[in-house]
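Subject: Structure handover

Hi,

Here is the structure I promised to pass on to you. Please open it first, and then read my notes below.

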Amino acid sequence: MQTLVVFCHPSHESFNAAVLETVTQRLQSKGVEHRVRDLYGDNFNPVMTMSELAGYLDSPANRNALQTDVENLLWCDTLVFVYPTWWYGLPAMLKGWLDRAMLPGVAFHLPESERARIRPGLRHVGRLALFTTCGASWLQTQLMGAPGKRTIMRGVRHLCAPRLRCAYAAHYRMDFSTQRSRRKHLDNVAAKMDRLLK
């Protein structure tokens, strides 16, 4: 088992960092080889350049600017996202990573005819997890359509193995969290990671 953890939060003192620590502890306890892509810590640039856009469909040359990210995506069989939900969606940094790293010829294959469909490119990924925090309540997030969750748990999921095992946990109303609610969430994350890794 080989796990890529994509972490997106500007502060290593944040609760999201505690979630990341819980995830990596569970991976270590199971002896799972893993890599952490810390988007803020690694100073990832989420902005797609004009030259990248011009060569976006030119595979495999389109991999040159993000070779390490592409190698990580092709290496892993488990993909875990840890991030805060902002404005009901993904942080811009993470959306930029998806835009730039989930390339044609890597994450998906473009149709070869007008009637054909986009084909998944991450069929080797058999496990997908998303752990997030939300300022809004569960109900308010659902009323807004939960676009961040949908991007990962529907969009990315579609690119992975057909019988994908998934895990999801969100701490809602984060601004009103308590020590007890945060501990409960971390315990939930740990339990979901354990089930995912069976």
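Helices (H or I, at least four residues) and strands (E, at least two) are DSSP runs, numbered from the N terminus. This is a predicted model, in which local features need pLDDT of at least 70 and side-chain atom pairs count only at pLDDT 80 or more, while totals for chains, interfaces and linings use all residues. Residues are numbered from 1 along each chain as its sequence is written, and side-chain values use heavy atoms, with hydrogens and water left out.

On a 1 Å grid over the protein atoms alone, a cavity is a set of points where a 1.4 Å probe fits but cannot get out, and a pocket is an open set with protein on both sides within 12 Å along at least five of seven lines; lining residues have an atom within 4 Å of a point. Grid points are joined across faces, edges and corners, and a volume is the space filled by probe spheres set on the points.

There is 1 cavity of 30 Å³ or more, and the largest cavity holds about 60 Å³. Its lining includes Tyr-83, Thr-85, Thr-132, Cys-134 and Lys-149. E3, E6 and H6 each give at least two residues to that lining.

The largest pocket has a volume of about 220 Å³. Of the 16 residues that line it, Thr-85, Trp-86, Thr-133, Cys-134 and Gly-135 lie nearest its centre. Two or more lining residues come from each of H1, strand E3 (78–85) and strand E6 (127–134).

The second largest pocket has about 160 Å³ of space. Helix H4 (92–101) and helix H6 (147–159) each supply at least two residues of its lining, and H6 gives the most, with 4 residues. Among the lining residues are Tyr-56, Leu-98, Phe-108 and Leu-159.

Finally, a helix pair. Helix H1 (residues 15–29) and helix H7 (residues 179–196) pack at about 30 degrees, with their axes 9 Å apart (axes are lines fitted to C-alpha atoms, for helices over the stretch in contact, and angles run from 0 to 180 degrees between N-to-C directions). That makes H1 roughly parallel to H7 (angles under 35 degrees count as roughly parallel). The contact (heavy atoms within 4.5 Å) involves, among others, Phe-15, Val-19 and Leu-27 of H1 and Leu-186, Val-189 and Met-193 of H7.

Enjoy exploring!

Best wishes

Terms used:
Angles under 35 degrees count as roughly parallel, over 145 as roughly antiparallel, 65 to 115 as roughly perpendicular and the rest as oblique.
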